[in-house]
Amino acid sequence: MRILVCNDDGIEAPGLARLVNAAHGLSDDVWVVAPDGKRTAAGSSLTIARPLTMRRVRPNWYSCSGTPADCVVSAMTWLFAEAKKPDLVLSGVNDGRNVAEDLAYSGTLGIAREAAFWGVPAIGFSRVKNPDFTDADDGWLGALIASLWQSRADWVAEGHWLSVNLPTALPAQIRQPVIGRDKIGRTAQIVESDGDRTVITVPRGRAHASRQGDENAVIDAGLVSINRLNWFGETRLDERFVDGILAQPRRDHHQAVSG
């Protein structure tokens, strides 16, 4: 079984090493492709028609100069171009929870989404800030990955992936929360201002708004949250509305414009 491990915190991130340790409990054929630096909130962006630098940092470990999703693409198109493709893609463990709007911004989940485009089962792992990672946690996480792999018939579907958020302490019970609202990037800080030129930063961190039963509530209760996500993002329009979009008489249009 071949496992590809990626992240958005960079090749040196402690959470990446922890996830690799956990993956080795399931397979000896584990590969790493990770950004050469932190790429927080990179989402699913790709680097197209511009060079990417791939550097072998140790056996089976490669750094990538691009985005988190680039790590998956470079693995599929270059590293494994003439070899067996991964059976499973693991992402993380992210330094901080990924909830609510993070599901769109997260580079960790952008990796899982890109893997889904390639038809490979994927799981994105995130954990609250400053957890006390232990070797026992690696074993528990490895058992979770093994269980999810063995039960993949129940969750693997085209265009879908899993998002798992870990609390401060493990082991913990697992819950499936509702997706909440927890806007990132609510404030801006002025770094410098000179006439028409202003430099701002959007700081990291937030208070983590929560409502009953959402991801933050589950995580804050010391539980593991798990959600199955997909990239389709479609809410069908009523067909009567679609059929009637251009069915209005032209005189109604003229009246609307003149009015």
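This is a predicted model: local features need pLDDT of at least 70, side-chain atom pairs count only at pLDDT 80 or more; totals for chains, interfaces and linings use all residues.
How many aromatic pairs does the count come to? I got four.

**Entry: overall picture**

I started with the whole chain. I find eight helices and 11 strands in it. Along the principal axes, the C-alpha atoms fill a box of roughly 70 × 55 × 45 Å. The chain has 259 residues, and 44% of them count as buried.

**Entry: aromatic pairs**

Back to the ring pairs, where the count was four. I looked up Trp31 and Phe80: their ring centres are 5.4 Å apart and the planes sit at 85 degrees, so I log this pair as edge-to-face, the cut-off being over 60. Buried or exposed, I wondered about Phe80? Phe80 is buried, at a relative accessible area of 1%. Trp31 comes out at 15% relative accessibility, which also puts Trp31 under the 20% limit for buried.

Next I took Trp231 and Phe232. Their ring centres lie 4.8 Å apart with planes at 45 degrees, so this pair goes down as tilted. Trp231 is partly exposed at 39% relative accessibility, and Phe232 is partly exposed with a relative accessible area of 39%. Ring pairs also bring in Phe117, which makes a cluster with Trp231 and Phe232.

**Entry: strand β4 and its neighbours**

Which strands does β4 pair with? I noted β2 (residues 29-35), which runs parallel to β4 and is joined to it by four bridges. I also noted β3 (residues 54-58), antiparallel to β4, again over four bridges. For specific partners, Ala34 is bridged to Ser63 in β4, and Arg56 stands opposite Tyr62 in β4.

β3 and β4 form a hairpin with two residues between them. I checked the turn: Asn60 has a positive phi of about 70 degrees.

Then I looked at the faces of β4 (residues 61-64), and both are covered. Trp61 and Ser63 are buried on one side, Tyr62 and Cys64 on the other.

**Entry: charges over rings**

Trp61 turned up again here. The charged end of Arg58 sits over the Trp61 ring, 4.0 Å from the ring centre. A second case is Arg127, which lies over the face of Phe133 at 4.5 Å from the ring centre.

**Entry: nonpolar surface patch**

Which residues form a nonpolar patch on the surface? I listed Leu237, Phe241, Val242, Ile245 and Leu246, with about 540 Å² of accessible area together. With 36% relative accessibility, Val242 counts as partly exposed.

**Entry: Glu215**

Glu215 has its place in helix α6 (residues 215-220). Its relative accessible area is 2%, so I put Glu215 down as buried. I also took the spacing to Asp135: Glu215 and Asp135 are 80 residues apart in sequence, and 26 Å apart in space from C-alpha to C-alpha.

Technical notes: Residues are numbered from 1 along each chain as its sequence is written. Side-chain values use heavy atoms; hydrogens and water are left out. Buried means under 20% relative accessible area, exposed over 50%, partly exposed in between (1.4 Å probe, protein chains only). Two strands pair if DSSP finds at least two bridges between them. Rings of Phe, Tyr and Trp (its six-membered ring) pair if their centres lie within 6.5 Å; planes under 30 degrees apart count as stacked, over 60 as edge-to-face and the rest as tilted. A charge sits over a ring if NZ of Lys or CZ of Arg is within 6 Å of the ring centre and within 35 degrees of the ring normal. Patches are made of residues with over 30% relative accessible area and no salt bridge: like charges are joined within 9 Å, nonpolar side chains (Val, Leu, Ile, Met, Phe, Trp, Tyr) within 5 Å. Accessible areas come from the Shrake-Rupley method with a 1.4 Å probe; for residues, only the protein chains shown count as cover. A salt bridge is a side-chain nitrogen of Lys or Arg within 4 Å of a carboxyl oxygen of Asp or Glu.
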